[in-house]
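Open the structure in a viewer and keep the selection tool at hand. The tour below goes from the whole chain to single residues.

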Amino acid sequence: MAKTTRRQNAEHGFTASGDLATALQRVLVDLLDLAMQGKQAHWNVVGRNFRDMHRQLDEIIDAARGFSDTVAERMRAIHAVPDGRTATVAEASSLPGFPEGEVSTDDVVDLITERLEAAVQTMRDVHDGVDEEDPTSADILHAVIESLEQFAWMVSAEKRTPAKSTARAKAASKG
């Protein structure tokens, strides 16, 4: 359970409630787990488009690490205590576990997209309560959601095929 600190020294200003601290802690552990699972995928991905996927995973990992730092530092700024210990992350993350061993690029596309979407879902689940108590923290969530949804779109596009437009489909059927 996330905690808040006692005010010390000359610190004044907004103090997170227990609910806000808990909500941000949920986001934090998912972001930390996303970075760790991204690294597991990065080390073990093999197959078609390996180099592109390997590099794209690094971008996701860097972003997740940066976002986790932003969330943890926001927690400290509002007198909440972040817990990024590995045991805490393993116990509290909402992300499914990542398989061991080598994983094909096609499977990594699905696995990483699923984890990006799970992390976003946690943020969407806590968003309204966070926004009600602290719009500044909600603004952080907005930026993270935007970025992770873009990553999910870009990763999942690796396996997509172009959809035929209705006009092209009709023209093709007449011709």
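**The whole chain**

Start with the surface display: the accessible surface of the protein chain comes to about 10100 Å², and 50% of that belongs to carbon and sulfur atoms. Such areas come from the Shrake-Rupley method with a 1.4 Å probe, and for residues only the protein chains shown count as cover. This is a predicted model, in which local features need pLDDT of at least 70, side-chain atom pairs count only at pLDDT 80 or more, and totals for chains, interfaces and linings use all residues. Residues are numbered from 1 along each chain as its sequence is written, and side-chain values use heavy atoms, with hydrogens and water left out.

Now colour by burial. Of the 175 residues of the protein chain, 42% count as buried; buried means under 20% relative accessible area, exposed over 50%, and partly exposed in between (1.4 Å probe, protein chains only).

Switch to a cartoon. The protein chain has 6 helices and 4 strands, where helices (H or I, at least four residues) and strands (E, at least two) are DSSP runs numbered from the N terminus. Followed from the N terminus, the order is β-α-β-α-β-α-β-α-α-α.

**Helices α1 and α4**

Select residues 18-44, helix α1, and residues 105-133, helix α4. Their axes (lines fitted to C-alpha atoms, for helices over the stretch in contact) make angles that run from 0 to 180 degrees between N-to-C directions. Here the axes come within 9 Å and cross at roughly 165°. The two helices are therefore roughly antiparallel to each other, a label for angles over 145 degrees, with under 35 being roughly parallel, 65 to 115 roughly perpendicular and the rest oblique.

Show the side chains between them. Residues of α1 including Leu-20, Val-27, Leu-34 and Ala-41 meet residues of α4, among them Val-108, Ile-112, Met-123 and Val-130; contact means heavy atoms within 4.5 Å. By class, the contact of α1 with α4 has 14 nonpolar, 3 polar and 5 charged residues. Ala, Val, Leu, Ile, Met, Phe, Trp, Tyr, Cys and Pro count as nonpolar, Asp, Glu, Lys and Arg as charged, and the others, Gly among them, as polar.

**Two loop residues**

Most residues other than glycine have a negative phi. Select Asn-49, in the loop between β2 (45-46) and α2 (50-77). Asn-49 is not a glycine, yet has a positive phi of about 60°. With 35% relative accessibility, Asn-49 counts as partly exposed.

Is His-79 buried or exposed? At 3% relative accessibility, His-79 counts as buried.
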